[in-house]
Amino acid sequence: MKYFTLLLAATATATFAQQPNTTGHLLITSTPVSHLPACATYHGLLPLSTSSHILYFPPSCTSPDGAIPFTWTEDSVLAWAIPSALDEQVEELVERRDRIAFQSLVKKQQKVQESQSAFSASREESEEEGVSFFSLKLDDNRQDGVLVHFSTPSSLSRWTSDPRYCFHELVGISPIPLPIPAIASSFYPPPQPVPAPDVARIQHHLDTLKFNSNISSLLASFPRAPFKTDVEYLTGENQVAPEGEGWKSRHSMSEGGRKASNWLFGQLKATNLTCTQLEYKNGFAPLINCTIPGTDPTSGTVVLGAHFDSRGSFGYPTAPGGDDDGSGTSLILSIARFITSQQISFKRKVIISLFSGEEQGLLGSNWFARQLKQEKEDIVLMVQADMIGYRKPGEPRQIAFPPDSLGLQEARFLLGNISSIYTPDLVPGITPACCSDHQSFGSLGFASTWVFERNNPIADPFYHNSGDLSARVGYDFEQIYLTSSVVLASLLEVAQFELP
């Protein structure tokens, strides 16, 4: 699952980095920055559940309300750390401090309300030389974290070389002004309205949904064992690969990412599906696309997807991605193997995809969805599986779907009802977490939804972390299996399966 950030980029267009001890203000805002004042500079994104831009206003620039007073020296680096990245001493420091609540600044322009999210906090020095903190309190649907200011290269080096921090989330924000990206206001474009006839197709499945004994029998024979084998291979926990073909990271732009794409392609091709690897961006691991022709070419297409690329801790070379998104990738592999082993055919065409570039901004799926749009593919439903393996201790097994702002409501209802029929041990609900590849399809007006692990914000302490392995507390293969059963049942229902 993706939270996009610009990591220590080196493109400079403006000034203050050459002016030590410049005192100004930081603003963290989810407002689109296409009309940034000329005196302000842009420094990247915080990995929150929305695109939260880092803006710097020097003294010559009028500071907006709610900004953070800030002294940024030419050697300083600003980073964002989620609570799991902080040792006990820092956590105590954060808890002692009064947190300043999320503020909403509302502007009216041409009778349209635009919401600007701003956060403020006072600086507090730590006992560690060269390190200070800004504690931020976000609203209940967002992730708490701490801005960490490293005033010297050595202070940053200590954190990135210390195992306590290497195994946790630490995301750098550029100390040098960056050009405002053309897509800064739309990294995750909102869904476009799904055409009424397409909504009606999903509603029809919802209205006519009932228990199907054939689906139930198929689910009873759906095997559990491959999930553990596949996840442990993907993470490297139990990877017996030919010499030179193993990997420690599946980062989209790494050698390991390309090796993982090759391995996954081989696994899917072995099912006798028609599969291709698609190169969509120079330097990125190719995505994988497999198709099952439908018996009725006029009836539309169902798409299943997950992303195989991974992200680890800042400054650390491994990125096992056991939950994000080895769990969803194992779902795709198991469903592909099962439907071919059972010789199941479908009235509707089925596309099974594994994307790369998700962690860099849904790049692979965005390219692929646009290709399908250009080819006038009639997509009935797209279902993305991303982060389905973590269960917070003490909580029941869950299956979560995106809110209406990030997915089609009728699709959420359909999969939720299918879950209630066939996997009653899962508790269905909604998550405020964001973002994943289904949004690339939703932004083009395709019906889409997403299956996730928790009916609340992300709780996995090893999210985007080099400790995202399966051999840890909370990693739940049974939840992966049950969620995969829901997606399989949904595929059988919507793609209109036929037994041999």
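Two strands count as paired if DSSP finds at least two bridges between them. Helices (H or I, at least four residues) and strands (E, at least two) are DSSP runs, numbered from the N terminus.

**Ground rules.** I'm looking at a predicted model, where local features need pLDDT of at least 70, side-chain atom pairs count only at pLDDT 80 or more, and totals for chains, interfaces and linings use all residues. Residues are numbered from 1 along each chain as its sequence is written, and side-chain values use heavy atoms, with hydrogens and water left out.

**The open sheet.** I looked up the strand order and got β12-β13-β16-β14-β17-β20, 6 strands with mixed pairing. The edges are β12 (274–278) and β20 (448–451), each pairing on one side only. I then checked how β12 meets β13 (residues 287–292): they run antiparallel, over 5 bridges. T274 has T291 of β13 as its bridge partner.

Which strands does α10 lie across? Helix α10 (residues 409–422) lies across β17 (379–385) and β20, at about 40° to β20. Axes here are lines fitted to C-alpha atoms, for helices over the stretch in contact (heavy atoms within 4.5 Å), and angles run from 0 to 180 degrees between N-to-C directions.

**Another strand pair.** I found β18 (residues 398–401) and β19 (residues 427–430) paired in parallel over 4 bridges. F401 sits opposite I430 of β19.

**A charge and a ring.** I also noted K373 over the face of F446, 5.0 Å from the ring centre. To count, NZ of Lys or CZ of Arg must be within 6 Å of the ring centre and within 35 degrees of the ring normal.
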